[in-house]
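These are my notebook entries on a structure that I looked up residue by residue.

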Amino acid sequence: MRRNQVAVVGAAETTELGVIPNMSQLQLHADAALNAIADAELKLSDIDGFATAVETPQQVCHYLGITPTWVDGTSVGGCSFMLHVRHAAAAIEAGLCKTVLITHAESGKSMIGKLPRSIPADSLQGQFEAPFGVYGPPSMFPIPVLRFMKTYGITHEQLASVAVVQREWAAKNPRAMMKDPITVADVLNSRMIAYPFRLLQCCLVTDGGGALILTSADRAKDFPRKPVYIMGTGESVETPMVSQMETFNSSRAFKVAGPLAFKEAGIAHKDVDHLMIYDAFAHLPLFGLGDLGFMPYEETGKFIADGNTRPGGKLPLNTNGGGLSYMHSGMYGMYALQESVRQMRGIAPAQVAKAKISVCHGVGGMFAASGTIVFTNER
Amino acid sequence: MAEPQRARPKPTPETQHFWEGTKAGELRLQRCDACAHVYFPPRPFCPSCASRKVSIFKASGKGFLYSYVINHRPAAPGFTPPYAIAVVELDEGPRMMSNIIDSPQTPEALELDMKLEVAFQKLDDNITLPVFRPAKG
């Protein structure tokens, strides 16, 4: 795909984030969509392309009153929205539609109108993983961690520092769920969830949503907000079974999606001013830094523990506070994208000065899927 | 009220041989007749070279502890926390999720790379699960 041909011209989260007991999941989609429409100063009737995950496109389109000529229901977990951005950019370039709305919402905490997630007993996961006691992401996502730590000499303290640094970012963000400072000792003394991970190394569980509006770069200049261009994109999938990953020393999906996006954008790692790595759990930034090629895996833990990703550090990472401290409704990818867009617009609560290139890397369905978007505010 | 039950696998035509194997006290894997790739979970073709000529064989049941978590909460129905959810790398190459028996469920007792051997845990007349214990000697 050619770089900088498509831009984000509307971006918004739900009016509230956190605990929203007065809205169903479907209404959260609508709330985010209406906020994004207002942000772009468009009408719903201007939308001719639509993408969402978990909820079906037909469900959300009908609820909103949209008649699209292009839809994408790719649903590969929390990074689905990175894939939607990639697919939407291709669709706009191909002339299949002009103005795409992407929505995410999840009543992850209040569970109102939330679709059930179940594992059929005759699926491969139901036969070869569920019988051994996996029960939701906290028991599955961290399964590779001990191997990763042993292979690369990563310490428990380094993994705890991921949560500490992200809380520093969250403290600067009025909309972050958790803002009080924490120490490595606080993390290592918090309640055990699934060894080696404790409570403060696991994502929050909240309600919320977000929406993006994309159009061609040529049209984008006529919109009220500063356009944020899609500079590069990548995607891949590996396996829905964490036990069947090729290796626990890296993620194959990360290693495909990340370099694809960098190559398409034509950038080197030193060009990255701002970085988002979907952090459902504390090990993901380490996998991301290694798999995206920022540094050897052995150095990832020390890099974060030494403060290189904290406010004022040389590689600002997860500047909204991340899934660990900002919010995590179940599919966090949309919120990572929102923060990248805010940073590129120059309006983030913890704004990185003069940031021109933002890399936003997502993971989905444990390590099942991945999507990477490179944004820029210069064409 | 009945105790909540552990999730029970329901075999499909492609996995039937595996679950018949565990019932008979055998851990069965598949090997490609064309490229010799050994793979898991079961399917009637080779995921490496796409050949449909594959054979079922009895694996050694030996392997080592590749990685694990010790789950505290939330616990799956039928499990008493803390319990380890392990991934075992078999000597034949494939990895599988399982549980570790005859061992304390602690980081001290569960060392990565420790040698393991298969054991069989009968759930009911239809399903026997492959689990692993520290290898003797």
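**Basis of the entries.** I record that this is a predicted model, in which local features need pLDDT of at least 70 and side-chain atom pairs count only at pLDDT 80 or more, while totals for chains, interfaces and linings use all residues. Residues are numbered from 1 along each chain as its sequence is written, chains are lettered from A and ligands numbered from 1 in the order in which they are written, and side-chain values use heavy atoms, with hydrogens and water left out.

**Backbone of chain B.** I found a cis peptide bond between B:Arg73 and B:Pro74, with omega about -5°. B:Pro74 is placed in the loop between β4 (62-71) and β5 (83-90). A cis peptide bond also joins B:Phe40 and B:Pro41, with omega about -5°; B:Pro41 is in the loop between β2 (38-39) and β3 (54-58). I then checked B:Asp102, which has a positive phi of about 55° although it is not a glycine. B:Asp102 lies in the loop between β6 (95-98) and β7 (115-122) and is exposed, with a relative accessible area of 58%. Buried means under 20% relative accessible area, exposed over 50%, and partly exposed in between (1.4 Å probe, protein chains only).

**A site between the chains.** Which residues does B:Thr15 contact, leaving aside its neighbours within four places in sequence? I listed A:Leu124, A:Gln127, A:Phe128 and B:Pro42, where contact means heavy atoms within 4.5 Å. B:Thr15 lies in the segment before α1 (16-23) of chain B and is buried, at 1% relative accessible area.

**Sites in chain A.** I looked up A:Asn4, in the segment before β1 (6-13). A:Asn4 has a positive phi of about 60° although it is not a glycine, and it is buried, at 8% relative accessible area. A:Leu286 is found in helix α11 (residues 284-291) and is buried, at 0%. Leaving aside neighbours within four places in sequence, its contacts include A:Phe148, A:Ile154, A:Thr300 and A:Ile304. The C-alpha atoms of A:Leu286 and A:Cys61, 225 residues apart along the chain, are separated by 38 Å.

**Chain A as a whole.** I counted 14 helices and 11 strands in chain A. Its radius of gyration is 19 Å, close to the 21 Å that the globule rule gives for 379 residues, so chain A is as compact as a globular protein of that length. The radius is taken over C-alpha atoms, and the rule is 2.2 Å times the number of residues to the power 0.38. The C-alpha trace spans about 55 × 50 × 35 Å along its principal axes. Buried residues make up 65% of the 379.

Notes:
Helix = DSSP H or I, 4+ residues; strand = E, 2+ residues; numbered from the N terminus.
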